[in-house]
Amino acid sequence: MKYLVTGGAGYIGSHTALALLAAGAEVVILDNLTTGHLSLVPRGVPFYRGDVGDAGLLQEIFHQHRIDGVLHFAAKSLVGESMVAPGHYFLANTGQTTALLQAMAEAGVRRFVFSSTAAVYGEPDQVPIPEDHPVRPTNPYGLSKHLIEAMLPWFARVHGLKWIALRYFNVAGADPEGRSGEQHDPETHLIPNVLQVAQGKREYLSLFGDDYATPDGTCIRDYIHVSDLADAHVLALQALAAGHPSGFYNLGNGLGFSVLQVVERARQVTGHPIPLRIEPRRPGDPAVLVASNARAMAELGWRPRYADLSVIIETAWRWQSRK
Ligand code: UFG
């Protein structure tokens with residue numbers, strides 16, 4: 001089987017490319033390198049530099065390779081940025097993905113695994129959040145992803161697309177073998193920022209809001225190891241190949257940690273005091289996001305290998321302190 005991985009030079013895409021190769025699949029990568037890095041593209045993998053909305057380039061790729069399916073990671077993914085530049089998110093995420101789906105339909109490529117997000121749920125009515133929870137994003141990023149989710153059944157009905165949309169919770173950690181990891185510039189995510197303080201690259205952690213309706217007042221998130229997330233993509237492709245119906249799956253560990261709890265755990269892992277400063281809330285942040293992962297476990301047979309938050313932080317720490 002040969003798969004096109006868009007965003008395969010990025011954090012999650014590169015880990016998934018490694019998981020696909022380990023499972024015996026062939027991989028082709030398309031990435032425009034705006035946030036990706038050539039150094040994260042696994043050796044020997046055909047690489048195309050360009051946008052996922054570039055119909056001509058997609059045609060060329062589908063012509064040169066017999067692609068069995070597409071895993072679509074390439075996207076803008078920062079909640080805060082989407083609050084100040086919503087148009088960029090609708091163009092880059094919703095618009096370009098529409099072009100990709102159209103090119104797939106024209107080329108007869110019928111399997112699609114889509115990187116969706118917990119941000120589609122907005123402020124949840126219940127946690128852990130099941131997949132049939134109402135969808136009402138509180139930021140343009142979440143909406144830009146949900147709009148794509150809403151298109152997929154139409155491509156299925158008209159063009160026979162078989163799809164699985166994976167709603168990621170907070171992805172963190174790095175390849176335990178040290179081949180890939182998180183490398184954003186600027187970095188906005190909690191765990192790498194906390195580790196930058198431990199490395200001496202930041203003086204303190206800015207903690208965005210301690211007045212949320214949570215036990216310690218800071219936001220609660222469900223952190224999932226990037227390699228466990230990558231495994232779920234391989235399982236999703238296997239499920240589609242076996243005729244499993246299209247649908248949505250949450251990917252998280254079902255465990256919530258507050259920002260303060262993450263900082264405390266990082267202090268234990270790094271031995272650094274990690275000073276923090278309380279700052280105002282970051283716009284668009286829901287108070288609590290924790291996944292119900294029962295569906296992915298039952299239907300895809302997914303079992304996380306690195307669910308322990310300390311292991312997630314340790315692998316990220318090894319990656320960040322490399323060289
Ligand atoms: N936070 C801080 N200080 C920082 C960075 C983050 O206090 O320097 C806080 C945030 O305010 C939030 C929590 O830590 O409460 C987690 O923030 P992240 O930026 O690490 O992650 P988000 O929850 O904002 O978003 C991530 C992905 C999204 C995805 C979402 C799903 O970036 O793409 O998880 O839960 F939609």
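L33 sits in the loop between β2 (26–31) and β3 (47–49). Its phi is positive, about 60°, although L33 is not a glycine. This is a predicted model, so please keep that in mind for the angles I quote. Most residues other than glycine have a negative phi. Is L33 buried or exposed? At 18% relative accessibility, L33 counts as buried, because the cut-off for buried is under 20%.

There is another residue of this kind, I274. I274 also has a positive phi without being a glycine, here about 45°. I274 belongs to the loop between α8 (259–270) and β13 (276–279). With a relative accessible area of 0%, I274 is buried.

Next, the cis peptide bonds. Most peptide bonds are trans. In this chain, V127 and P128 are joined by a cis bond, with omega at about -10°. P128 lies in the loop between β5 (111–117) and α5 (140–159). D185 and P186 are also joined by a cis bond, and there omega is about 5°. For P186, the place is the loop between β7 (170–172) and α6.

A174 is found in that loop between β7 and α6 as well. A174 has 0% relative accessibility and so counts as buried. If you want a distance to check on the screen, take A174 and G142. In sequence they are 32 residues apart, and from C-alpha to C-alpha they are 24 Å apart in space.

Now the chain as a whole. The secondary structure comes to 10 helices and 14 strands. Along the principal axes, the C-alpha atoms fill a box of roughly 55 × 45 × 40 Å. Of the 323 residues, 54% count as buried.

How many residues surround the ligand? There are 22, and the closest are T117, N170, S206, R282 and D285. By type, the shell divides into 12 nonpolar, 7 polar and 3 charged residues.

I have a few contacts to show you. For D285, an N or O atom of the side chain is 2.6 Å from an oxygen atom of the ligand. For Y141, a polar side-chain atom lies 3.1 Å from a ligand oxygen. S77 uses its backbone: a polar backbone atom of S77 is 3.2 Å from an oxygen atom of the ligand. On its own, the ligand has 680 Å² of accessible area, and the protein covers 94% of that.

Which elements give two or more residues to the shell around the ligand? They are α6 (190–199) and β8 (205–208). Of the elements, β8 gives the most, with 4 residues.

Methods
Residues are numbered from 1 along each chain as its sequence is written. This is a predicted model: local features need pLDDT of at least 70, side-chain atom pairs count only at pLDDT 80 or more; totals for chains, interfaces and linings use all residues. Side-chain values use heavy atoms; hydrogens and water are left out. A residue is near a molecule or strand if one of its heavy atoms lies within 4 Å of it. A polar contact is a pair of N or O atoms within 3.5 Å; within protein, one must be able to donate a hydrogen and the other to accept it, and residues adjacent in sequence count only if both atoms are side-chain atoms. Accessible areas come from the Shrake-Rupley method with a 1.4 Å probe; for residues, only the protein chains shown count as cover. Ala, Val, Leu, Ile, Met, Phe, Trp, Tyr, Cys and Pro count as nonpolar, Asp, Glu, Lys and Arg as charged, and the others, Gly among them, as polar. Buried means under 20% relative accessible area, exposed over 50%, partly exposed in between (1.4 Å probe, protein chains only).
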